[in-house]
Amino acid sequence: MQPRPDRLIVSDCMVEVSNFWTGLHHWWLHLLRKILHLWVRARSLPQPLAELDINPQQPVCYILESYALSSLLILEQACRDHQLPTPLAALHVGNAHLSRSYGALERFQGLFLRHKQPRRSSAVLQQLLTSGSIPDDQELQIVPVTVLVGRAPDQEVSLTKILFSENWEVAGRIRRLLSLLINGRGTLVQFGQTQRLSELRAEGLDEQRTLRKLNRVLRTHFRRVRTAAIGPDRSHRRTLLDNIIKRDVVQDAIEAHARKTNIPHAEAQQEAHRYAHEIAANYSFTFIRSSEILLSWFWSRIYRGVEVHHFKQFQKIAPGHEVVYVPCHRSHIDYLLVSFILFQRGFVPPHVAAGVNLNLPVLGSFIRRGGGFFLRRSFRSQALYATVFNEYLSTLLNRGVHIEYFIEGTRSRTGRLLPPRAGMLAMTVKAFLQAPKRPVLFQPIYVGYEALVEGRSYQKELSGSAKRKESWWDLITSVFSILRRNYGQVNVSFGQPILLSELLDQHHPDWQQLPADEPPKASMLNPVVDDVAQRIMVNINRCAHVNPVNLLSISLLATRQRALDEQDLSDLLNLYLELLPEVPYSESITITEKDPAGIIQYGMELGILTRQEHELGNIIHAEPKQAVLLSYYRNNIAHLIAVPSLIASCFLHTQVVKRQRLIDICRSVYPLLRNELFLPWADAALEDVVDAHLGIFEQLGLIQEIDAGQRYQRATGGSREAYLLRLIAHSLLQTLERIYITVAVLEKNGSGNLGRLDLEKLCQQSAERLSILHQFEAPEFADRSLFKQLIEQMLMMGLLQRDDDSRFVFDQALAQLNIDAKLILSKEIRHSILQIAPRKISPPATDEKPPQPA
């Protein structure tokens with residue numbers, strides 16, 4: 001039966017009317033978008049958007065977390081700016097024909113008082129997933145998009161803008177309008193990873209189950225993006241602390257403390273409350289936004305730029321994890337810089353562990369509002385305080401609050417990584433084992449400076465002055481002093497993340513079966529914590545950045561007078577620029593792009609170098625007042641040059657060395673260097689590493705292979721190649737001398753005659769005397785903590801043992817290091833060390849009692 005002609009006419013008229021109103025609606029939205037973007041400026045993430053892998057030739061459907069007209073218009077403009085399919089375009093997929101290419105998981109109703117509509121899914125998603133089969137030549141791409149108004153960083157100072165920035169509350173129409181007017185230029189559009197419908201259907205689920213799964217995936221994604229951008233939804237600080245004090249483990253500690261100190265239970269309870277308030281942060285997103293404005297100005301004033309490396313790999317793996325940021329600690333700037341970088345890139349700044357010495361009046365309140373929480377330097381003997389702190393840290397982890405702490409414990413005054421203090425790590429691992437809600441990810445971060453804001457105070461401390469206690473007056477004077485000069489560029493590099501669950505699987509495959517109500521035993525906990533600590537330090541070194549000041553420092557300090565002919569310095573810098581990219585250390589190492597001439601000029605601009613003109617060639621000097629700090633910057637990259645320098649030092653006093661002799665010396669010394677410099681290679685891989693370095697040296701013309709690789713020969717003395725090889729060797733010489741000082745002191749005093757404290761003291765005194773006699777400008781050469789670390793490694797290697805009286809005993813294995821010294825150290829240095837090495841003045845203690853007077 002054919003349709004009547006009059007009905008066809010009516011149908012055509014209805015289609016025309018519908019098309020008219022659709023066109024009018026699109027024209028209206030287009031006008032609103034133009035008006036809106038006279039003011040609104042949006043920044044899109046990720047950058048570049050090509051990472052999303054969107055095929056513009058295939059249908060795309062954008063899904064918003066919740067519908068708002070302003071969000072739709074902002075998304076439309078972002079898609080136009082990046083040449084992506086637009087959400088207002090019609091969408092045709094299989095049998096589904098939609099007038100728009102967007103949907104929203106949530107919609108709100110109500111003119112002023114907004115409340116959520118009861119719905120389980122986006123109507124658009126439901127229609128697309130139930131539209132039947134899709135042709136083979138079509139691939140539906142579903143892209144989740146989050147629009148955050150007032151989240152993207154800007155440079156304008158306004159408290160009003162901060163008050164109307166993005167948060168967890170449902171915004172009404174009036175608040176949304178005000179937020180757009182006030183914060184429109186700070187809008188962030190976060191595109192999520194593309195979901196392909198064919199991949200979802202390939203799992204074999206029916207349409208409804210596929211729809212439910214897709215909704216779960218999208219809701220989880222939106223929650224993670226919002227949490228990463230503005231932080232988890234936190235309860236009131238007082239309620240949080242009250243809940244911590246009410247926990248059974250804290251109440252047991254309060255009861256034990258009351259009995260031990262003989263005070264009433266109520267007084268012990270008040271003491272626990274005081275501890276909790278002393279510790280806890282008082283995080284304020286408003287304060288964070290205010291601080292961002294101030295820090296943006298501050299960085300631009302004192303630095304030439306802040307470069308961030310390898311952030312994308314962290315950005316991909318971080319969602320869904322409890323992130324623990326573990327940077328190296330070289331300056332008070334570290335935690336400000338890391339938080340600033342994270343906030344600028346769409347992540348919420350972490351809660352940062354700070355020493356209680358920074359809890360000054362007013363300043364302490366500011367630090368708390370920025371996410372800082374305080375801890376005492378040591379609280380082993382304070383059981384109640386330790387319990388409260390442990391529970392607070394566990395609460396942060398369980399609530400998904402990202403945290404940051406420095407496992408070195410204090411700022412490094414020498415430029416090298418300090419031995420890790422595993423207290424906070426142990427508490428983190430313990431908290432995870434007792435409540436493994438979210439997988440924990442440790443994120444190592446390297447921070448490299450070209451000039452330190454604490455440079456002067458470090459110089460004084462390294463020269464013997466006592467560390468000054470923090471005070472408001474010092475803070476104010478320091479800020480004004482800092483603002484008067486420029487400190488070059490800062491490089492922040494994100495290292496390879498460490499997943500705690502993977503390490504637990506390696507150490508204890510059955511860790512998930514442990515009872516949650518019992519604390520893990522030390523025999524289980526300690527090896528895991530030590531492994532995590534070691535990996536963190538190694539991974540920090542693996543992502544180091546080599547800046548111009550590092551290269552100038554390692555070059556000039558290879559000479560006794562910290563001076564080189566300008567052409568020689570240029571050649572040495574060029575050699576390092578060729579050598580370091582080839583060293584098989586890590587793919588994450590980054591190196592300055594400046595050439596040798598640019599590096600020298602840059603050093604002049606920073607006030608590190610001076611040029612003395614001479615008819616036979618200009619001489620480049622390091623400024624005398626910079627000598628101590630140059631050793632600091634050299635030590636930043638000492639780990640990168642350690643093995644090349646060790647190999648080069650074997651050619652210092654002989655022209656030809658057998659390959660096997662080289663490998664034996666490296667095997668003897670490398671374990672000591674690995675512990676001090678946190679080097680990445682295992683002992684079993686050392687031979688391959690040495691061969692790789694020998695190949696690089698040969699490629700650079702520094703040495704030559706002879707006798708079919710059985711021996712290696714350097715260039716003849718006086719040649720340019722031999723001179724450059726000698727300068728490379730000198731960069732590690734003081735570290736090697738420290739090893740041989742320790743051996744000399746032990747052998748001079750004999751086996752079984754020295755305890756740990758005596759040995760550390762005698763080694764320190766010997767190093768101090770040697771540095772005076774040979775005019776070393778390296779205060780860390782006599783650093784007692786380095787000798788302590790070296791002695792502990794000798795114990796681990798079996799070179800030393802302890803007898804029943806805790807004195808060190810040794811055998812001929814230790815003497816091998818002295819034999820190696822003859823190849824590496826000059827006769828003058830070896831004789832000086834042997835002559836300087838002192839004997840213990842007082843006779844060794846014995847169990848015999850002194851004779852009693854008559």
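Begin with K625, which counts as exposed because its relative accessibility is 61%, where exposed means over 50%. Keep in mind that this is a predicted model. K625 sits in the loop that runs between strand 23 (619-622) and helix 24 (627-636).

Next, select L45 and P46 and look at the backbone that joins them, where the peptide bond from L45 to P46 is cis, with omega near 0°. P46 itself belongs to the loop between strand 1 (42-45) and strand 2 (60-66). As background for this stop and the following ones, most peptide bonds are trans, and most residues other than glycine have a negative phi.

Which phi does Q83 have, although it is not a glycine? Select Q83 and you will find a positive phi of about 55°, in the loop between helix 2 (69-81) and strand 3 (91-93). Q83 counts as exposed, because its relative accessibility is 63%.

Finally, go to F678, in the loop that links helix 26 (659-677) to helix 27 (686-699). Phi of F678 is positive, near 55°, and this residue, too, is something other than glycine. Is F678 buried or exposed? With a relative accessible area of 2%, F678 is buried, because buried means under 20%.

Note on methods:
Residues are numbered from 1 along each chain as its sequence is written. This is a predicted model: local features need pLDDT of at least 70, side-chain atom pairs count only at pLDDT 80 or more; totals for chains, interfaces and linings use all residues. Side-chain values use heavy atoms; hydrogens and water are left out. Helices (H or I, at least four residues) and strands (E, at least two) are DSSP runs, numbered from the N terminus. Buried means under 20% relative accessible area, exposed over 50%, partly exposed in between (1.4 Å probe, protein chains only).
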